Amino acid sequence: MQKLTFPNEFVWGCAASAYQVEGAWNEDGKGPSIWDTFVHTPGHIVNNETGDIAVDHYHRYQEDVALMKELGLNSYRFSISWSRVLPNGAGKINQAGLDFYDRLVDELLKYNIEPYACLFHYDLPQKLQDKGGWPNRETAYLFADYAGIVAEHLSDRIKVWMTHNEPWVSAMAGYFAGEHAPGIKDVQAAFKALHHLLLSHGLAAEAIRASARQPVKIGITLNLNPVQPISSAKKDKDAASRMDAVLNRSTLDPLLKGTTPIQEFAIGKMLSGSLIKSGDLEKIRNLDLLGINYYTRTVVKYDPKFPVVAGSQIQPEGNEYSGMWEIYPEGIYELLIRIWKDYFSEQPSGNGSKARIPDLMITENGVPVPDGLDFDGRVRDERRIRYLRDHLTQVHRAMDEGVPVKGYFHWSLMDNFEWAHGFGQRFGLIYVDFKTQTRTIKDSGRWFAKVIQENGFEC
Ligand code: FCB
C-alpha cells in the first residue's frame, strides 16, 4: 500500500450548473433560456424530461450546502443563470435573481466553502438566441455587460470567476450537432459561435476586472480529450491531428497562445476574414485559471464522410465503458502532461511571448452510474469509487512529474438533469430520488470525504 498525498492548499470541490440543478425555471422573474425552449419541444430529451424542477436546488440550496459541508468540500463550482439575472439577456436587472445567488454565496461562505462562480453553462437567454445567439458577434458584448453586472454585485465575496463552461460544447453541440439547445445544425454557425464565445471570455474578463471589488482570478473551463489515431497509418494520424486541432487546440491556442488553428481548415479560411477581427485574439488571451474537464479520450480513424476533420471517432475495445463514454483514467494524465509540455514548459511558437502560466485545475471529472438505493438505504456505487481512485491516481502522477495541478472538482455534487439524457445518467456523489427530492450521500461521497479529510488516499 502506498499513500498518495496532495499539497496542503489543494482545492477539493464539486461542480454543478444552474440549469441542471436549480429548477424554478420561471420563478421570481426569471426569463426563459434556450434550454427552457429546447426541453419544451418534444423529441429533444430522453422521455421528454425537463429541468423545470431539476433537483429543486433553487429552494433546497441550504440543505445542499449543508451536505457539501458534510462531505468536507472546501470549494463549490456552480453557474449563474444569465436569464435569471437579466431576463431579456440585457437591459432590466431582475433583483430577485441576483438575490438567489447572494443567498447561495452567503450560505457557502458560512461554512468556509469557496465559491467558484461560472457565468455561462449553456443556458443563453432565449431573447438573445432570437437575435442570432452566439453566431451573432453582438452576443459577446452583451455577455461582457452581464459579467460586469454580476461581478459588481458579488465580487465582494466571490474571488474566482469562470467565464464559460466548455465553450466548444456550447458551439458544437448547440449549433453543429444540434443535440444541445438551440438545436441548430449548421457548421458555419458553429464556428462563428465558437469564436464569439471565446471573444466574450476576453471581453468579460476585462469587464469583471473593471468592476471587481477585490483582486479576482478569471478562469475558463474547457472540455479536453487526448486524441489518438486508431492505427499508425499516416491517414489515421493526420485525421487525429485534425481532430485534435478542432477539439482541443481550437480553444487552447487562442486562450494560451493568442493564435488559432481554425485557419488551417477550409471553413476557417472562408470565415476568418469576416469573423476574426483585428485585436480579437489578443483580447481572448486573458486568463488566471485554466479549468480542465476530463471524461474520456477520442480515438480517431480517417473518415472522409465527416466534415472539416475527415475523421470519425471509434470506440476501442479493452476498457470499461459507462452509460456515456469509455473509461480511460490514463487520459487525464496524458492531457495534463500534454498541456504542460505544449503550452507552458516550452517556448510556444504562437505570437512570440511565452504564455503566462495560469493556475491549472481539474474542474470536472466523473462517471454516470445507474445507482439505486440498496435494501438498507445505502448506495454502494463501487464503480464510481474505482473511477475516482483511478483518476486521482493519474492526476497525482502528473503532479509528481511536475504539472502544478491546484485542485480537483468532481462532477457532480448530486444526481441531476443530464441535458439530452434527461434524468437517465446519474453523476452525483449524492443520490437524488427525483420524485421526492430526497438526498442520500452515496458510498463514493463518503470515500471522497475521507480523501479530502486526509488530503490523500491509499492505493
Ligand atoms: C460536461 C458538462 C456538464 C455535464 C458533464 C457530464 O461536459 O459540462 O454539464 O453534463 O459533462
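This text walks through the ligand site and then some backbone features of a predicted model.

Start at the ligand. The space it takes is the largest pocket. Around the ligand stand Gln20, His121, Tyr122, Asn165, Glu166, Tyr295, Glu364, Trp411, Glu418, Trp419 and Phe427. This shell divides into 5 nonpolar, 3 polar and 3 charged residues.

Now look at oxygen atoms of the ligand. A polar side-chain atom of His121 lies 2.8 Å from one. For Asn165, an N or O atom of the side chain is 3.0 Å from a ligand oxygen. For Tyr122, the distance from a polar side-chain atom to a ligand oxygen is 3.5 Å. Taken alone, the ligand exposes 300 Å². The protein buries 94% of that area.

A cis peptide bond joins Trp411 to Ser412, with omega about 10°. Ser412 is found in the loop between strand S12 (405-411) and strand S13 (430-432). Another cis bond runs from Ala181 to Pro182, with omega near 5°. Pro182 is in the loop between helix H8 (167-175) and helix H9 (187-211).

Next come positive phi values. Ala24 is not a glycine, yet its phi is positive, about 45°. Ala24 is in the loop between helix H1 (18-21) and helix H2 (34-39). Asn47, also a residue other than glycine, has a positive phi near 55°. Asn47 lies in the loop between H2 and helix H3 (57-71).

Asn47 is exposed, at 64% relative accessible area.

Technical notes:
Residues are numbered from 1 along each chain as its sequence is written. This is a predicted model: local features need pLDDT of at least 70, side-chain atom pairs count only at pLDDT 80 or more; totals for chains, interfaces and linings use all residues. Side-chain values use heavy atoms; hydrogens and water are left out. A residue is near a molecule or strand if one of its heavy atoms lies within 4 Å of it. A polar contact is a pair of N or O atoms within 3.5 Å; within protein, one must be able to donate a hydrogen and the other to accept it, and residues adjacent in sequence count only if both atoms are side-chain atoms. Accessible areas come from the Shrake-Rupley method with a 1.4 Å probe; for residues, only the protein chains shown count as cover. On a 1 Å grid over the protein atoms alone, a cavity is a set of points where a 1.4 Å probe fits but cannot get out, and a pocket is an open set with protein on both sides within 12 Å along at least five of seven lines; lining residues have an atom within 4 Å of a point. A molecule sits in a cavity or pocket if more than half of its atoms lie within 2 Å of its grid points. Ala, Val, Leu, Ile, Met, Phe, Trp, Tyr, Cys and Pro count as nonpolar, Asp, Glu, Lys and Arg as charged, and the others, Gly among them, as polar. Helices (H or I, at least four residues) and strands (E, at least two) are DSSP runs, numbered from the N terminus. Buried means under 20% relative accessible area, exposed over 50%, partly exposed in between (1.4 Å probe, protein chains only).
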